[in-house]
Amino acid sequence: MTPQELIGILSVAEKLKCTTRHCDTSTGRRESVAEHSWRLCLFALLVADEFPDTDMNKVIRMCMIHDLGEAFTGDIATFNKTDAHIKTEEDSFSQWVASFPAPQKEEFSALLREMNEMKTPEAMLYKALDKLEAVIQHNESDISTWLPLEYDLQLTYGRENVGFSPYLLKLKEYIDEWTKRKISEEGK
């Protein structure tokens, strides 16, 4: 990869530092997409021992690139995202990756296909962690920033993605209890 190609890719990815998500941080500042992706990678690294038969290097790579399409579209909250939004994001990401030098183009394209197909343990784990990280971040934000629909969404979001793993089911239960405590304490 030439220096120009590298800097060009990094310059597009830099947009994710400036692209904010729907959720606030614990200090009341909007979270960036880059911050979400960074903590998602850390999350995967921290749970690696729970998934000894899973290629965690691949999971971390998936976590790192999963929202790169948002450099072109911005972040759209899950409850507002339509199939058209998803297609635009995927198409933008795929077109960008097609401009990469050969080794990276092949790797990123293969990862994206695997992530979209959701058939491998790695893709399933990345997606489950992605959903759980968003719920954790919402629990860390002030409840005054939640929309009314998020009270239920916090308890349902990601549930369908964790069923393949007893560890993730237990983690989701723990997070749900945290959510319930946060909601019950709101009125106090």
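This report describes the fold, the surface and the aromatic pairs of a predicted protein model.

## Basis of the model

Local features require pLDDT of at least 70 and side-chain atom pairs pLDDT 80 or more, while totals for chains, interfaces and linings use all residues. Residues are numbered from 1 along each chain as its sequence is written, and side-chain values use heavy atoms, without hydrogens and water.

## Overall fold

The protein contains 10 helices and two strands, taken as DSSP runs (helices H or I, at least four residues; strands E, at least two) and numbered from the N terminus. Their order along the sequence is α-β-β-α-α-α-α-α-α-α-α-α. The radius of gyration is 17 Å, close to the 16 Å that the globule rule gives for 188 residues, so the protein is as compact as a globular protein of that length. This radius is taken over C-alpha atoms, and the rule is 2.2 Å times the number of residues to the power 0.38.

## Burial

Of the 188 residues, 42% count as buried (under 20% relative accessible area; exposed is over 50%, partly exposed in between; 1.4 Å probe, protein chains only).

## Aromatic pairs

The protein has six aromatic pairs. Rings of Phe, Tyr and Trp (its six-membered ring) pair if their centres lie within 6.5 Å; planes under 30 degrees apart are stacked, over 60 edge-to-face, and the rest tilted. One of the pairs joins F51 and Y167 edge-to-face, at 6.2 Å centre to centre and 85° between the planes. F51 lies in the loop between helix 2 and helix 3, and Y167 lies in helix 10, 116 residues apart. F51 is buried at 9% relative accessibility, whereas Y167 is partly exposed at 29%.
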